[in-house]
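The sequence and structure come first.

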Amino acid sequence: MKLRNIFVLWLGFLVGSSLLEAGVKIILVTGNTASYLEPCGCVEGMLGGISRRPQAIVDEKDFLLLDSGNFIDIKHKLDETRNLHYAQSFLKLGYDAVGLSSKEAQKATTFLKNLPGKELFVATNLMSSQDGSFPFQRHKEINGFQVLSLVSPSIQVHSDFKVVPPLEALKPYRKTKNLILLSGLKPDELDPIIKSLKSKLRLVIANQSHGEFEWIRGVPVIYPGEKGKMVKKFDLAAKKYT
């Protein structure tokens with residue numbers, strides 16, 4: 001009987017540890033899109049735009065689709081309509097989580113909560129300046145992964161918000177495995193976060209406009225690029241960026 005129990009426990013461990021890899025093998029990434037609905041010719045030719053995204057993901061299986069934020073860019077009245085359509089695309093394309101980054105943190109809570117897809121928004125360190133609550137979910141659990149999103153404490157935010165220092169905001173997640181971080185942090189702010197969470201992080205999506213991909217302290221870091229010019233891909237099993 002004891003031998004049987006040990007076998008059941010061992011089998012359960014194997015099944016549990018393999019379900020994560022079997023369920024999700026690929027992470028697909030977008031970010032810094034600034035509400036571009038159509039391809040933009042300002043960056044390396046006519047790239048980007050949400051109209052091309054279905055083609056980029058149509059052949060993928062067992063994936064998470066994440067956006068690291070900075071999807072809002074409103075300067076004129078027409079931009080509000082454009083941004084509304086862009087937010088709707090998160091639902092139509094089946095996104096799993098969307099980080100609120102520096103551009104979104106400049107908008108009022110009510111504006112953000114009235115956008116389509118608000119249930120996808122993640123803001124780990126954006127606290128209400130009025131009552132100290134967190135207006136948006138601090139993490140989103142998807143298929144055994146915990147998706148977090150951090151903004152830089154050095155940015156200007158709307159008066160509705162207060163930015164919690166990143167290391168303080170991450171205290172509840174110190175023992176959490178399989179973290180994916182959507183980062184709006186500056187490079188010197190990101191490094192101590194990776195150092196603190198190193199063994200828990202499966203992937204960082206750093207919302208910066210430069211670079212493509214690198215390993216920092218043994219953690220894979222993807223840079224989405226500018227104007228949402230492409231959908232980037234990381235293979236969890238192979239630990240490979242494409």
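**Strand E9 and its surroundings**

Q: Over how many bridges do E9 and strand E10 (residues 201-206) pair, and in which sense?
A: This is a predicted model, in which local features need pLDDT of at least 70, side-chain atom pairs count only at pLDDT 80 or more, and totals for chains, interfaces and linings use all residues. Residues are numbered from 1 along each chain as its sequence is written, and side-chain values use heavy atoms, with hydrogens and water left out. Strands (E, at least two residues) and helices (H or I, at least four) are DSSP runs numbered from the N terminus, and two strands pair if DSSP finds at least two bridges between them. E9 and E10 pair in the parallel sense, over 5 bridges.

Q: Which residue in E10 is the bridge partner of Ser-183, and what is the hand of the crossover from E9 to E10?
A: The bridge partner of Ser-183 in E10 is Ala-206. From E9 the chain passes through helix H7 (residues 187-197) to reach E10, a β-α-β crossover. A crossover is right-handed if, with the strands pointing away from the viewer, the path from the first strand over the helix to the second runs clockwise. The hand here is right-handed.

Q: Which residue stands opposite Ile-180 in E9?
A: Strand E7 (residues 145-151) is joined to E9 by 6 bridges, and the two run parallel. The residue opposite Ile-180 is Val-147.

Q: How many residues of E9 are buried?
A: Buried means under 20% relative accessible area (1.4 Å probe, protein chains only). Leu-179, Leu-181 and Ser-183 point one way from E9, while Ile-180, Leu-182 and Gly-184 point the other way, and all are buried. In a regular strand the side chains alternate between the two faces of the sheet. For E9 (residues 179-184), the count is 6 of 6.

How values were computed. Buried < 20%, exposed > 50% of the residue type's maximum accessible area, 1.4 Å probe, protein only.
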